[in-house]
Amino acid sequence: MTTAMTETRQGGTGGRSAVAARAREVVKAYGSGETRVVALDRVDVDIHRGRFTAIMGPSGSGKSTLMHCLAGLDTVTSGHIHLDDTEITGLKDKKLTQLRRDNIGFIFQAFNLLPTLNALENITLPMDIAGRKPDAQWLARVVDTVGLAGRLKHRPTELSGGQQQRVAVARALASRPQIIFGDEPTGNLDSRAGAEVLGFLRQSVDELGQTIVMVTHDPVAASYADRVIFLADGRIVDEMANPSAEQVLDRMKDFDARGRTS
Ligand SMILES: Nc1ncnc2c1ncn2[C@@H]1O[C@H](COP(=O)(O)OP(=O)(O)O)[C@@H](O)[C@H]1O
Ligand SMILES: [Mg+2]
């Protein structure tokens, strides 16, 4: 266990590429003619394995679209998306569904837990549906990291918002996906519950070697990430390593100021 953790800390990738996902020249346009909106305008990005990446930018800048395209939830108009060594652009629906199921975890704003199942059943549900047996050792580690060991028999209504979202995070981690994508995963939580979930996401990167991509508009949430990518008008306009909330806030203010003068 210690070895695995050391390996993770040193960025060991188990022989896999250091890039978990990449976008090249990605354009995503909605509609056509006069109503055409270019949500992504020739985006190039590498998502580093075993790192926590935040995507930020003003409302409508293309954050959700970029995440959906990287995760194969939406098709691109042109350009290429690779997940590990697999090009997902152009994959047929069935293959894409399978690839998503086997490689990607999602955490959304709404926790989407099933009310009739307890926490543990919710965590293993996607694997149960896929007919896959969870790796018992891994599951125990995830549950331990979540810090909900005493609450696994509780149903969602018996858990706080923060605890419910931690169950949703554990559910995403349980199958050891290559990447976890979150669109404002703490958007529905108060700041304390949000901090709890963000701390857990951070821990899953540091201790379990998880790769995470999170869309957020909150500088504090972004400060948990290793790297922040800034989008404006569908383009990557900046990025920041090891960001502090203050640095991110300053950068966001800059966008606002420019928005007002242009
Ligand atoms: N399904 C859609 N149909 C038409 N336009 C869309 C659709 N989804 C997003 N857009 C447009 O694409 C742009 C980027 O949207 P989005 O990625 O949701 O931005 P963000 O997540 O940064 O707020 C916006 O101008 C938005 O109105
Ligand atoms: Mg969005």
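Which residue in β7 is the bridge partner of Ile107? In β7, that partner is Gly182. The model described here is predicted.

## The six-stranded sheet

Ile107 and its partner Gly182 belong to a pairing of β6 with strand β7, residues 179-183. These two strands run parallel and are joined by four bridges. They form part of an open sheet of six strands, whose order is β6-β7-β8-β3-β9-β10 and whose pairing is mixed. Strand β6, residues 104-107, stands at one edge and β10 at the other; each has a single partner strand, so one side of each is left without a neighbour in the sheet. From one strand to the next, the twist averages 20°.

## Helices on β6 and β7

Two helices are described here in relation to β6 and β7. Helix α3, residues 93-103, packs on the sheet and touches both strands. The direction of α3 makes about 75° with that of β6. Helix α6, residues 161-174, lies across β6 and β7. The angle of α6 to β6 is about 170°.

## The four-stranded sheet

A further open sheet has four strands in the order β2-β1-β4-β5, with antiparallel pairing. Here β2 and β5 (86-87) are the edge strands; each has a single partner strand, so one side of each is left without a neighbour in the sheet.

Strand β1, residues 19-30, runs antiparallel to β2, and eight bridges join them. One of the residue pairs involved is Ala29 with Val38, the latter being the bridge partner in β2.

## The site around ligand 1

The shell around ligand 1 consists of Tyr30, Val37, Ala39, Pro58, Ser59, Gly60, Ser61, Gly62, Lys63, Ser64 and Thr65. By residue class, the shell has four nonpolar, six polar and one charged. Helix α2 gives the largest share of the shell, three residues.

A polar backbone atom of Gly60 is 2.7 Å from an oxygen atom of ligand 1. For Ser64, a backbone N or O atom lies 2.9 Å from an oxygen atom of the ligand. For Ser61, the distance between a polar backbone atom and an oxygen atom of ligand 1 is 3.2 Å. On its own, ligand 1 has 550 Å² of accessible area, and the protein covers 57% of this. The elements that contribute two or more residues to the shell are β2 (37-48) and α2 (63-70).

Technical notes:
Residues are numbered from 1 along each chain as its sequence is written. Chains are lettered from A and ligands numbered from 1 in the order in which they are written. This is a predicted model: local features need pLDDT of at least 70, side-chain atom pairs count only at pLDDT 80 or more; totals for chains, interfaces and linings use all residues. Side-chain values use heavy atoms; hydrogens and water are left out. A residue is near a molecule or strand if one of its heavy atoms lies within 4 Å of it. A polar contact is a pair of N or O atoms within 3.5 Å; within protein, one must be able to donate a hydrogen and the other to accept it, and residues adjacent in sequence count only if both atoms are side-chain atoms. Accessible areas come from the Shrake-Rupley method with a 1.4 Å probe; for residues, only the protein chains shown count as cover. Ala, Val, Leu, Ile, Met, Phe, Trp, Tyr, Cys and Pro count as nonpolar, Asp, Glu, Lys and Arg as charged, and the others, Gly among them, as polar. Two strands pair if DSSP finds at least two bridges between them. Axes are lines fitted to C-alpha atoms, for helices over the stretch in contact, and angles run from 0 to 180 degrees between N-to-C directions. Contact means heavy atoms within 4.5 Å.
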